[in-house]
Amino acid sequence: MKNIERFRVLVIGRGNAGKTTILRRVCNTVDEPDIFDGKGNKIDNVVVQGTLGRGYHNIEDELVFKSNPGFVFCDSPGFEAGSAEQFEMKSLFWTMQLQ
């Protein structure tokens, strides 16, 4: 366990189910997370403000709460019935994270 710097957690649920709200509760904060793109570049929260509340979340973006920097959350856009494209996108993401 000493070799593990951060835990990566993928949060999956239907769209607008309150996944980010649950993450805030788990991290015991009301603050917005810092968001980083897949390359580690910080994304201005103002740019993604509309997606933090409701709507689309980019599965490649990493959410890190200052209260719990040891956890990196990937907030999925949610699974919707019959969406093969969303399933393929998540399958590719999981494969890339395992490498």
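Here are a few notes on this predicted model, going from the overall fold to its aromatic residues.

1. Let's start with the chain as a whole. It has 3 helices and 5 strands, and from the N terminus the elements follow the order β-α-β-β-α-β-β-α. Among contacts with a separation of 6 or more, 57% are between residues 24 or more positions apart.

2. On burial and surface, the chain has 99 residues, and buried ones make up 32% of them.

3. Now to the interior. The largest nonpolar core has 8 residues: V11, L23, C27, I35, I43, L63, F65 and F73. Two of its members, F65 and F73, come up again below.

4. F65 deserves a look of its own. Its relative accessible area is 1%, so F65 is buried, the limit being under 20%. Setting aside neighbours within four places in sequence, F65 touches L23, R24, C27, T29, D31, E32, P33 and F73. That list includes the core members L23, C27 and F73, but also the residues R24, D31 and E32.

5. The structure holds 3 aromatic pairs. In one of them, the ring centres of F65 and F73 are 6.1 Å apart and the planes meet at 70°; planes over 60 degrees apart count as edge-to-face, so this pair falls in that class.

6. F73 is also buried, because its relative accessible area is 4%. Its ring pairs with that of F71 as well: the centres are 6.2 Å apart and the planes are at 10°, so this pair is stacked, the limit being under 30 degrees. F73 thus takes part in an edge-to-face pair with F65 and a stacked pair with F71.

7. Is F71 buried, partly exposed or exposed? Its relative accessibility is 34%, which lies between the 20% and 50% limits, so F71 counts as partly exposed. F71 sits in strand β5, which covers residues 71–75.

8. F7, F65, F71 and F73 form one aromatic cluster.

Key. Residues are numbered from 1 along each chain as its sequence is written. This is a predicted model: local features need pLDDT of at least 70, side-chain atom pairs count only at pLDDT 80 or more; totals for chains, interfaces and linings use all residues. Side-chain values use heavy atoms; hydrogens and water are left out. Helices (H or I, at least four residues) and strands (E, at least two) are DSSP runs, numbered from the N terminus. A nonpolar core is a set of buried Ala, Val, Leu, Ile, Met, Phe, Trp, Tyr and Cys residues joined through side-chain atoms within 4.5 Å. Buried means under 20% relative accessible area, exposed over 50%, partly exposed in between (1.4 Å probe, protein chains only). Contact means heavy atoms within 4.5 Å. Rings of Phe, Tyr and Trp (its six-membered ring) pair if their centres lie within 6.5 Å; planes under 30 degrees apart count as stacked, over 60 as edge-to-face and the rest as tilted.
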